[in-house]
Amino acid sequence: MTSSSDQAVGVDIGGTGVKAALVDVRTGSLLSDRVKVPTPAGGEPDAIRDAVVSLVELLEIDDETPIGVTFPAIVRHGRTMSAANVSKSWIGLEAEQLFERALGRDIHFVNDADAAGFAEDHYGAAKDASGLVILTTLGTGIGGALIYNGVLVPNAELGHLELDGVGAETRASNRVREREDLSWEEWAERLQRFYSHLEFIFSPDLFVVGGGVSKSSEKFLPLLQLATPIVPAKLRNNAGIIGAAALARGV
């Protein structure tokens with residue numbers, strides 16, 4: 001049986017859905033069913049706040065259980081400094097306080113890719129890795145996370161690195177692959193440019209590739225020529241929940 005001191009809730013807010021679960025932070029496994037609601041149309045702060053509160057209530061936790069919340073934005077000192085696939089009203093908002101007031105407790109508020117990267121480093125594809133791990137999520141855009149010997153370096157907006165005069169995610173995200181109907185080989189050429197650039201700048205010890213397309217990693221990862229090992233993520237859609245919970249518990 002999992003001790004209450006090893007439990008925490010993770011809430012993962014995305015552009016299309018908000019999901020949550022109770023997590024065993026020793027193992028990174030879910031202790032409850034994952035509960036989910038669609039992200040409210042328009043992605044306004046108050047509506048998303050209410051969705052989070054409704055999910056936490058479904059989990060029936062006690063007042064001492066830590067809560068971690070992820071959000072698709074740059075998060076600085078609890079304030080959201082950007083907004084991806086949600087209302088622009090989030091930009092500059094004291095978002096951590098918004099959720100804390102509604103939930104009646106302190107929370108840990110973190111960028112969604114950072115939470116996923118932390119989870120993969122501690123429980124997933126990079127569990128036994130040392131040195132610098134770079135997680136990238138290939139989806140609507142490109143998310144990124146840097147973890148050095150288990151310590152998260154927050155807000156690494158790797159998808160916005162400029163390559164050939166444009167942001168990398170405008171050329172190499174999975175949405176671009178689908179929109180332009182690129183073959184795996186054509187897409188891999190764009191990914192090669194992106195990952196080679198990351199490799200040159202950061203000299204990482206491991207790349208972990210997440211996002212829904214990682215289910216098809218065998219179709220594109222072997223096409224990349226890198227000195228750094230590159231592997232698919234393991235935790236899939238639960239990574240943000242698990243990472244948020246672990247960070248809230250102070251793992």
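Guide: Let us begin with strand β2, where eight of its eight residues are buried, and keep in mind throughout that this is a predicted model.

Visitor: What makes both faces of β2 count as covered?

Guide: In a regular strand the side chains alternate between the two faces of the sheet. On one side of β2 lie G17, K19, A21 and V23, on the other V18, A20, L22 and D24, and every one of these is buried. Buried means under 20% relative accessible area, so neither face of β2 is left uncovered.

Visitor: How do you know that β2 pairs with β1?

Guide: Two strands pair if at least two bridges are found between them. β1 and β2 have seven bridges in the antiparallel sense, so they qualify as a pair. I13 stands opposite V18 in β2, and a hairpin of three residues joins β1 to β2.

Visitor: Why is β3 also called a partner of β2?

Guide: β2 and β3, residues 29–30, are linked in the antiparallel sense by two bridges, and at least two are required, so this pairing counts as well. V23 has L30 in β3 as its bridge partner. Four residues lie between the strands in the hairpin of β2 and β3, where G28 takes a positive phi near 80 degrees. β2 also pairs with β4, residues 35–38, over four antiparallel bridges, and there the bridge partner of K19 is K36.

Visitor: What makes a group of residues the largest nonpolar core, and which have the most contacts inside it?

Guide: A nonpolar core is a set of buried residues of the nonpolar kinds, such as Val, Ile, Trp and Phe, joined through side-chain atoms within 4.5 Å. The largest one here has 28 residues, and V11, I13, V52, I67, W90 and F99 have the most contacts inside it. Its largest share, six residues, comes from α1. F99, for its part, touches I13, I48, R49, V52, W90, I107 and F109, leaving aside residues up to four places away in sequence. Apart from this core lies another, of 27 residues, including A125, L235, I242 and A246.

Visitor: Why is α7 described as largely enclosed?

Guide: Nine of the 11 residues of α7 are buried, so the rest of the structure largely encloses this helix. Among the buried residues are A239, I242 and L247. Just after α7, G250 takes a positive phi of about 80 degrees.

Visitor: What makes up the lining of the largest pocket?

Guide: The largest pocket has a volume of about 1,400 Å³. Of the 48 residues that line the largest pocket, D112, T137, G139, T140 and G141 are the closest to its centre. By class the lining has 14 nonpolar, 22 polar and 12 charged residues, with Gly counted as polar. α3 gives the most to this lining, with four residues.

Conventions
Residues numbered from 1 in each chain as written. Predicted model: local features only at pLDDT ≥ 70, side-chain atom pairs only at ≥ 80, totals over all residues. Heavy atoms only, no water. 1 Å grid on protein atoms, 1.4 Å probe; cavity = no way out; pocket = protein on both sides within 12 Å on 5 of 7 lines; lining within 4 Å. Points joined across faces, edges and corners; volume = space filled by probe spheres on them. Buried < 20%, exposed > 50% of the residue type's maximum accessible area, 1.4 Å probe, protein only. Contact = heavy atoms within 4.5 Å.
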